[in-house]
Each structure stands twice: as structure tokens, then as C-alpha cells.
Amino acid sequence: MRLSRWATFGPALLLMLVLGVLPLANLFYTSFHTVTWAAGKATFTPAGIGNYLALPADPLLRAGFFNTIVFAVGAVGGQMVLGFGLALLCSRVTRGRVLYRAVFILPILIPGIVIGAIWKLMLNFDFGLVNQITDLVGMDPRNWLGDRQTALASVIAVDIWHWTPFCFLLLLAGLESLPQDPYEAAKIDGASWWQELRYITLPLMAPAILVTFAFRLVIAFKVFDEIYLLTGGGPVTATEVLSFTLFQRLFTEDREGYGSAMAVAIIFLCSLLLVVAVSVGRRSERAA
Amino acid sequence: MSRLWPRLFTHAALIAVGAIILVPVIWVVTAGFRTQISLLTGQFLFAPVLANFTEVLFSKTSDFLVNYRNSMIVGSASTVLCLTVATLAAWSLARLGWPRWVVHVFLGWALLFQMLPPLALAGAWYTLSRAVGLDNSFVGLILAHTVLNLPMALWLMGVFVREVPLELEEAARIDGASTFTVLRHIVLPLVAPGLAACAILTFVFSWNEFAVALNLTMKQTATVPVAIAKFAQDFEIRYTQMAAAAGLSILPALVLLLIGQRFIVRGLTQGAVK
Amino acid sequence: MTSKRITRRQTVAGMTAAAGALGLPMIGAAQGKVSPITIVVNQSPWFDSFRKTVEAYEKESGNKVELDVNPFAGSLEKQRNSVRAAKGQYDVLIMNSGWFAEMYFGGFVEALSDIDPGFKLDKDIFTLNDTVYFDPVKKTMTPSGKLMSMPISPLIPVLYYRGDLYKQTGLKAPDTFAELEDNAKKLNKPPRMYGIVQRGARGPATVSFDFYPYLYGFGGSLFKDQAAGDYTVTLNSELGRTALDYYIRLAKEAGHPKTAAMDQADLIQNMVTGKTAHVMMVISAWSQMDDPNKSAVVGKVDFAPTPHAPGHSTAPGLGHWLGGVARNVPDERKRGAVEFLRWYQTKAAQMVTAEAGGIPVSAAIYREPLAQEPRFRWMKAIAESLPHAVSTMNFPEASEVIPILELGLNQAIAGETNSVAALNSMADQIHAVMAKYKYNTGVLPKLK
């Protein structure tokens, strides 16, 4: 028994320790130093918590924090609702389910850079497809990505388009794995589809929904490809998000110590948010 | 109330959403057959050209076929490895009596790890792989992708593994089944739909991953996203060639999906038989 | 990222071609067969010409060159990884203007004259505001420093304008900013045609790069005297204000309504679809203008140096590429690298580059009959501009200054702040960065 425990758990543990703990420890260590390079060698100068103290004063970070929250809630919220709705609808039909599933999956198959480049073209003020369509229905052309009011919303819309398949796929798999007995019993009792949804589907799907939501949220906090190509954080700071700020500070500006501190701080904040979200979820699960 | 109404509505809604999803995808795929000027002027009808595909596949500066092969190798290997490790570990944590704190800490750590931007890890992994001489082989990238997707796979398989009724496993054990037999004959068939879904996602994530692939590969081992990124150059974006490359890159995942569909359906009927 | 000590790496056995130094009048007799080298370069419009040049080198000298081609996004990351390791993967680094200072200051590239004391820069090579030199003690870039790198691709902005429309309206190519404003206004017929489209978006080096020709062309500058190591911030001078006010006025009265969101791709799009009469854009987009697959204005675009104010010269900002030799590679590969760079500067090599559509770094090519051909009509503008090209920031922490400029300029162009407030704010922030890194710096009194 002992052997099978370690044989099954061991590989995962090993991988996570070697390839996971080391980079994180390195990041943590670097965050307390300033790094300079001369004659091809690096010098680590201790900086105490100086890097962390400098974080709140960073204008990009302040904007990034707010935007990321709006982005995460808006995008992930939208994807979860849409994904779940689509999964529900899809699980009810038998004809064409394979076709629908194949179509709905498509956006996630496209690499992030391509999505950014293509949507940038489609949302283009002068030549874009979106403005061509709005023109057909008589609306004025809008600078979707260049206008402060619409920039973040446009990026969120692109993200919803990109990631709803993720939620859809997982929630559909979850729905398809549900036991049929409770549904049969409910049918005999004459329950409506709303009651079915509220009292059987949702509670049974709760773990799947929670995990999908948690992971989607975590991935949303890392959103980078789309912002990089669509808006570069602009106009001004309307679409500046945390991981983009991190990319600029850590890589473009090569501030290893400060950037590492930023990375650690972001992780810490995210985990706080997640703990809150999960405990809220757990409490409602218990109440159900 | 007639059954037709809700069914019609369901199909109408699905078709409407399908259209919204399809239009940009078709746009991307057809863009590969256009000239750049036709794309930029937003022409609706256009005369298709194959120049982009020939440029992407056969030009002197392009290693696209090699990159394609590399992505297949890395994607398949990391998916198989990741799912194997994740399913075993998830089942182990759920059923083999680990203390609660171990389960919570490990899963929590996995989730935390998922939050790190891959770019922040890539540098450390590069140094590691150079230190052991793996920097120009597939092994480094395969391991990196496995680790990147492991948290998600762990959590997801955790959900699906818990849906397998405990009684079935216990019954099998009473009959004297070994751990391996329980896994292979009871757990595996029942988590098949989830496994298939997870496999598709893991493969796609690995296939589309850019930041780490860029750092850990060189010319001979570069993957498809690295090749596609070359079309986004410092002063222009070669949209039509990028679209052609993107169109080609969707194919394997699409094929995988169509195969995986049948797997999922089979898993369903199996579950019903129980 | 700490650099770890590693075991002796297996070097890939390169094919050493048979010794065949065939008729190389420019190269010394001792050279011929050298170690194979690896060059790291990025995929770009000029890459094709670079590749053909490399192939010509291989053919002529019999030496083997491996090209590692990367996307631009990530080029810096790959080069950094290589130079910071104990043993580098790349022998020749093609460095962008955005990071060559980091490589010089960090000691990651070795001076060409240190590897080969006899190395001389050909007199016809443009030194690109002396960025090929570096004094490791004074940390300045002047001819008295060591020769660190070879210019590979001298990318600067030029003025692209619709020659056909000029002919129709009887205009002549603008020399001064006032003339540009006039011409742009005359040809401005929105929304069908814009007088000019400027690159005002916030990006990795977007609006700042667009602004440099204006700033320096009016006689302003970012710093007082980089060559002397004086980094007093002079952005918020009266000249700076004139430049920024002009930029904004030009955008309002003859430019694109959404200038603050315009990026390089938008500029090219507008030009090739015939929607704008002028753009100031980097020269490497020239080949798109005459490609029928990419342009609707084939043969209609002409080129001129970026305008200037009376009394000052044209001053395009450098977005160039330099070739340096990595320090952390074996000596025989360094020698092989220097050999390639020595060959690259010869007239024969530069001719290959030019004929393949690249931008030569040797003045000799611009004197050739080739430069008179219609398809190379941009060469005249480049030859005039290159001697005046400006390298705005010759220090590694430029990567911290650029975001300040990007944000500040973008805000001013978007109308969220006025030019005086923007300039003062940027100057203060830049001064703070320079002071943090202990440069000899100061700041001007605030603009009123």
C-alpha cells in the first residue's frame, strides 16, 4: 500500500519540486536584492524590502491592479456564464452535438499571438471588419481599441471569445459525467427545467464549476498575449494589466530585483483573492 | 407544451453562438489565401492566392515543417506525461489515504504555481537546462510544458476522479484487485470523458505556448508559435502569412478533437452500462 | 538570475569547409579558414538581404555560418540568456538600438580591436552617431573609445510622401517643418485622405521614436551632452515645447483623428491603401510600397529626409542594428566572428546587401549607379540622413526612460494633459531615473 501511494503521487511531487520550487525560490531571493551586470558577471546587492516598498508608487501598477480586477471579473464572469449556458444547451441536443462541440472549441485552438493580431485588424478604425458590420446597421465607426471608454471592454470581449471554449469544454465534460438517476427521479416527480437546474445540476456540478472558475481566473490574471498585441497597455493606461506591467518592469526594463518583488506581490494578492473566492464558494456549497 | 419549441430555441441559440465564433475563425483561415493589400483594404470578395502558404512552408528562411514536427513531438509527449502523472497523483490524493494537510498543501501549491507568468519561470528553466546540457533538446521543453499544465490537470482530474463511486473501487479491492487493476479497469473508463477533455486542453496549451518555447529551443527544436511569432516583426505584422501559418497550426488540434469526441461518447455509454 | 557554473559544453562539430580562400583582395592573407560561427538575428523585412549576404560570405570564404532566427518579441531575451550564461550559444549578436548599450555597459560584447588589434573600420562605413564606439572607463560613445561593433542595418525614419499627388498639385519635397505642415494641410481631405498619419500610440518604443525627428529637428534634445557624459535633462526646454506643440498641431489640423492610437502597422496600412499623403516611418518598409501584393500605390511613393527647423539639420532617431561579438565564447570563434564582420563592411558585401533589398551601411554604395535606379529611389534620402542620425540614449537604463516618454507623450497627444505639463513631468521623472543610477545629471527650470 505504501509503495503504491508513493508510486502514484511521487512523480507529480518530484516534478513540482524540482521545476516548480526552484524558480519560485530564485524569484523570492532576487526580490530582496538589486541586480547589476558588469564585465559579464552579475552582482546581487541586498536591498532589504526596498523593492516591495517601491511597488505602491508605480503608476503602471496602480492602473494595472484596477484594470486586472475589472478584466478578470468581466471576462471570467462572461465566459463562465456563456460556457455553462452553451454546455447546458449542448447537453440537451443529440443531433449535431459533435458538430457544435467542434465549432465551439475553435477559438482556443488558435495561438494567442494570432488572436491578438487578427482581432487588432478586425477592430481597426479605418479598415476593420467590426466597423464594416456596424456600418451596415447604421452605427458610427468607433475606435474600439483606441478609445478610453471602449478599449478595456473590447479586450474583454476578445478574451471572452477566446476562452469561452475552455469553460464550455470542461463544463460539458462535467455535465456528461453526471449520474442520470437524479434526473430520472426528478422527471417522475414532474420537476420543471428550472428546478432541475437549481436543485440537481448546479449542486452536482459545483466542484466542476468551482475548479473551472478558479483556473480560468488564475489564467486571466496572467493575460498577456492579447494585451501585448491588441493595445500595448494603452490608450494611456486603459488596458494596462498586472502581467503586462510585470513584463515591462522585469524584462523590458531589466529590473530583476524590482520585477521579482512585483511577481511575488502579484502571486500573494492572487492567492488572497482565491482564498476568499473559494471560501465563499465552499460556504454556499454547504448551504445548498 | 409541445417539445418542439424548446428544441427549436436550443438549436437557434447554438447556431447563433456558432456563427459569432465561426466568423473570426473563417476570417483568419481565409486571410491565409489573400494578398496583404486585399486584407488591409477590407475587401469582401477576393481572388485566392497560394503565395502565403508557399512562403510559409517552402521558403528558404522557413522551417515550418520542422517546427510542425517539433510541436507534435513536444505536444504529444508532454500531454501523455502530464495526464499520466496528474491522474495517478489526483487519484492517489483522493483515495489512498493521504493526510488532509498533504492534499491541501499540494493542491494549493499547484494552484499558486499556476499563477506565475511563464515568462518569469522561463529564465530559471533556461539556466537549469543549460547546466545539464539539455538546452537544445526536446526534453527540457517537454518537462517544462508538463509542469506548466500539471496544476490544471491535477485539479481537473481530481474532480473527475472523485466522481467515480467509492463502492465500485472497494468492491473490486474486496475481490482482491491490485491498485493497478482498480485504476485500469474501474477508474480509467469512468473518467474517460474528463480525461479526453483534459487531454485536448493540455495538448492545445502546449501547442500554443510561446514564452517558454522561445527560451528553451533553438533553430532545430523551435515550435510552431515561435515560427508564427516571426511574422509579427519589429516594424510590421505580416498578417496574411501569419494567418496561413495559423490555419495550418489549427489542424492537429482539430483532428485530435474529432478523435477525442468518439472517446468521450464511448466513455458515456460505459458509464450508463454500470 | 544567477549565472551558474557549467561543465565544458560539447561544441557542435561544425562542418569546416576545405580551405579555399578564393580571391579576397580585402581580407588579409593570414585569414581564410576560420571556425564556424553562429549569428543570432531577428526575422524582419531586411533579414532576407542579410541572409543572402551571409550566403555570399560562405561561398566566397568557405567559412560556415549558422543563423539562429528569432521573432523580434523575445530577441532580447534570447540574447540575454546567452550572454549571461557561463558559455554563450551565440558568437555574433545582432543588437537593436534598444539594447546595445546594455550589452556594452554589461561587458557582454568584446571590443573588435581587442580580439584583432589590426581591425580597422572602413572609412566609408556610417558610424551611426558613433554608437559603434565605447569607452568602458568613461562610459561614453565617442571615436576615442574602442570599436565595439559593426553597423548591420542602419534603420532610421524618412519622410514617405505621395510623389504623384505632389506632381499634380505642383508641390516640392518639404525641407522644413513649416513646409511639411503646409503640404500636409493642402493634401488633407478627411476621411478619404489624411494629410499625414503620425505614430502616437503608447508602446515599447512607439510614440517616442516618432517624436525624436521633431524634437531633435527643432534643435531640442533629451540630454545636454551625452558624448561628454552630461545627462542634464533638456527635454522641457523652449525648443522641446515648440516641437511637441508642432506635433500636436500637425495631428489636429492635418492628421488622423485618432493619432494617439496609431501604431506602426496603422501607418503602413494607411500609406499602402492610399489613405494618407505623408508618413514619417522607418525606411525598412520601403519594399512594401512597390509590391503589388501589398500596396495599392505602387510607384507613387517618394522619399525625403525628415524635415527640420531652419538653422538645424535633419535629425532622424536611430532604430538600428549593430553586430557585436560575444565575450563568453571560445577565442577561435571570436576570431571567426571578427572575420565575418570584417568582410561585411567591404564594398562587395554591401553590394550584395543592396541588390537583395537591404539598406547598405557603406557610403560607397550610395555613390554607385545602383542608387539612381527608380526602385532604389529611397537611397538618396538615406544617404543624406545617415550622417545626421541621432542616438538618443546611450545608456542601458534607457529601457526605464522610454516608458516615461511613451506614457507622457501619449497623454499629451491624446489631449489628457497640455504640452507644458507633460514635458515638465517627463523631465522630472527622467531626472529621477538618471539620479537613481548615479549619472551626472540635472534638470532645467520648469517650463511656464
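Which residue forms a salt bridge with A:Asp254? The legends below, drawn from a predicted model, begin with this pair.

**View 1. A salt bridge between chain C and chain A, formed by C:Arg84 and A:Asp254.** The partner of A:Asp254 is C:Arg84, and the closest N and O atoms of the pair are 2.8 Å apart. Between chain C and chain A, the count of salt bridges is 7. Residue pairs in polar contact across this interface, both residues being at pLDDT 80 or more, number 7.

**View 2. The side of chain C that touches chain A.** Four elements of chain C each give two or more residues to this side: helix 2 (75-84), helix 3 (100-105), helix 9 (264-272) and helix 15 (398-413). Helix 15 of chain C supplies the largest share, with 6 residues. By class, the residues on this side comprise 13 charged, 10 polar and 10 nonpolar.

**View 3. The extent of the contact between chain C and chain A.** Chain C contributes 33 residues to the contact, and chain A contributes 34 residues. The size of an interface is often expressed as the accessible area that is lost when the parts come together. For chain C and chain A, the buried area is about 2800 Å², with 50% given by carbon and sulfur atoms.

**View 4. A nonpolar patch on the surface of chain A.** The patch is formed by A:Phe65, A:Ile69, A:Val73, A:Phe268, A:Leu269, A:Leu272 and A:Leu273, which together have about 610 Å² of accessible area. Helix 3 (59-92) and helix 12 (256-287) of chain A each give two or more residues to the patch. The largest share, 4 residues, comes from helix 12 of chain A, the helix in which A:Leu272 lies.

Conventions: Residues are numbered from 1 along each chain as its sequence is written. Chains are lettered from A and ligands numbered from 1 in the order in which they are written. This is a predicted model: local features need pLDDT of at least 70, side-chain atom pairs count only at pLDDT 80 or more; totals for chains, interfaces and linings use all residues. Side-chain values use heavy atoms; hydrogens and water are left out. Contact means heavy atoms within 4.5 Å. Buried area is the accessible area (1.4 Å probe) that two parts lose on being put together, summed over both. A salt bridge is a side-chain nitrogen of Lys or Arg within 4 Å of a carboxyl oxygen of Asp or Glu. A polar contact is a pair of N or O atoms within 3.5 Å; within protein, one must be able to donate a hydrogen and the other to accept it, and residues adjacent in sequence count only if both atoms are side-chain atoms. Ala, Val, Leu, Ile, Met, Phe, Trp, Tyr, Cys and Pro count as nonpolar, Asp, Glu, Lys and Arg as charged, and the others, Gly among them, as polar. Patches are made of residues with over 30% relative accessible area and no salt bridge: like charges are joined within 9 Å, nonpolar side chains (Val, Leu, Ile, Met, Phe, Trp, Tyr) within 5 Å. Accessible areas come from the Shrake-Rupley method with a 1.4 Å probe; for residues, only the protein chains shown count as cover.
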